[in-house]
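Here are my notes on the model you asked me to look over. Have the sequence and the structure open side by side while you read.

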Amino acid sequence: MTCKERWLAALKRKPADRLPFWPKLSNAYSRAQLLPHRAMTVPALHAWIGSDPHVWIAAGIREKRTNTSLEIIRDTPQSTRTLFHTPAGTLTAASVFDEASQAWHPTEFPVKTAEDISRMILFYRDISVELDPEIMTAARRQYEEVGPGAVTASTIGESPFMHWLEFLAGIENGHFLLADCTDEVEELFDAMHRVLLRKATLLAAEHPADVFYMMENTSTTLLSPNQYRRYCFPFLCTYAEILSDAGRPMILHMCGHLKDLLPDLARVPAIAFEAFTSPPVGNTTLADGRKLCPHHALIGGTNAVLWTRPAAEIEATLQRDLDALPHHRGIVLSSAGVMPPLCPPETIKRIAEWVHRYPARFCE
């Protein structure tokens, strides 16, 4: 099978020639390695390892506004401010760039007070969404260039409650404001939901990607099961139904503690859960997921701590966890979260070869 065929078979919980293996490599990973791997691009590292990668394609969506605007100011090469201009006032967010992780991290959230919620509602109510013809053309070209060598993916966004906690209000203040100003925060969620509905509809109809992600980062360290049922579940079901009606698969990226959410996740009409993270970083094993979510593919099965251990220990853990499953349809082994730089490329290659040899059982 080609990489794409292998991935799509796993996502549909069908037999394949072997288990797919996707170590999630980033620029931060390669920068932390010794030569010659330090000089390799991420695609070159995947080819050397023998992995089954994703290739991410831009969504091709642009937002237009009439009475509000978004301004990004680069104060230094490592710091930015984002200004949300509205008729009722301007909100400010700030981020810094972390060299080691090669990622931006928020240091200031735009919603700080009850009054800021009303301003953010104005901002989201003013958004209209349309396709960007140039980016869509480039996305179709990239899809053709990738061909069968990888599964292609794009993202719709993040559900309102999770985006609220991660990027608009922060975890602590976000929960306080939700408790103190419930009606206002829920009105903001509705405004954000309207934008995501439009994005899901446009992408389902026009975008070439093989799969679409909601980048949820869900974890019961951030929200309770009751909050998930109220503020995440109904929104995600709507996006998944839009995509499903168009014959497009949706994957939920969830990299945290999921065990207490599995009964609810089993009812979300997504095709797969990605970054399914085992203990001690997560709290959910492949066996947990297969028992309670039998109709979903599971992408992950490991954790960052495991990947810092010797290769023989990683192999023994994978052997134990895979052998415990009733079958291996719908399983993609990955690093769950991004691959920790402490894991040398030689170890990842050895594990890839082990996965390739593993006698997967695709019949019950």
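**Notes on the model**

1. There are 21 salt bridges in the structure. To count, a side-chain nitrogen of Lys or Arg has to sit within 4 Å of a carboxyl oxygen of Asp or Glu. Bear in mind that this is a predicted model, where local features need pLDDT of at least 70 and side-chain atom pairs count only at pLDDT 80 or more, while totals for chains, interfaces and linings use all residues. Numbering runs from 1 along each chain as its sequence is written, and side-chain values use heavy atoms, with hydrogens and water left out.

2. Take the pair glutamate 274 and lysine 24, whose side chains form a salt bridge at 2.6 Å, N to O. This one links distant parts of the chain: glutamate 274 belongs to strand β12 (residues 272–276), and lysine 24 to the loop between β1 (21–22) and α2 (27–31), 250 residues apart. Helices (H or I, at least four residues) and strands (E, at least two) are DSSP runs, numbered from the N terminus. Both glutamate 274 and lysine 24 are buried; buried means under 20% relative accessible area, exposed over 50%, and partly exposed in between, using a 1.4 Å probe and protein chains only.

3. Glutamate 63 and lysine 199 also meet through their side chains, in a salt bridge of 3.1 Å, N to O. Glutamate 63 is in strand β3 (residues 61–64) and lysine 199 in helix α8, so the pair ties together parts that are 136 residues apart in sequence.

4. Look next at the hairpin formed by β4 and β5, with two residues between them. Strand β4 (residues 69–76) and strand β5 (residues 79–86) pair in the antiparallel sense over seven bridges; for two strands to pair, DSSP must find at least two bridges between them. Within this pairing, isoleucine 72 stands opposite threonine 82 in β5. Arginine 81 and aspartate 75 have side chains joined by a salt bridge (2.8 Å, N to O). Arginine 81 is partly exposed at 31% relative accessibility, and aspartate 75 is partly exposed at 40%.

5. One more for the salt-bridge list: Arg6, Asp17, Arg18 and Asp52 are linked in a network.

6. Which residues are joined by cis peptide bonds? Leucine 35 and proline 36 are, with omega about 5°, and so are proline 279 and proline 280, with omega about 10°. Proline 36 is in the loop between α2 and α3 (42–49), and proline 280 is in the loop between β12 and α11 (286–292).

7. Glutamine 102 isn't a glycine, yet has a positive phi of about 55°. Glutamine 102 sits in the loop between β6 (89–98) and β7 (103–108) and is partly exposed, with a relative accessible area of 26%. Alanine 275, also not a glycine, has a positive phi of about 70°. Alanine 275 is in strand β12 and is buried, with a relative accessible area of 0%.
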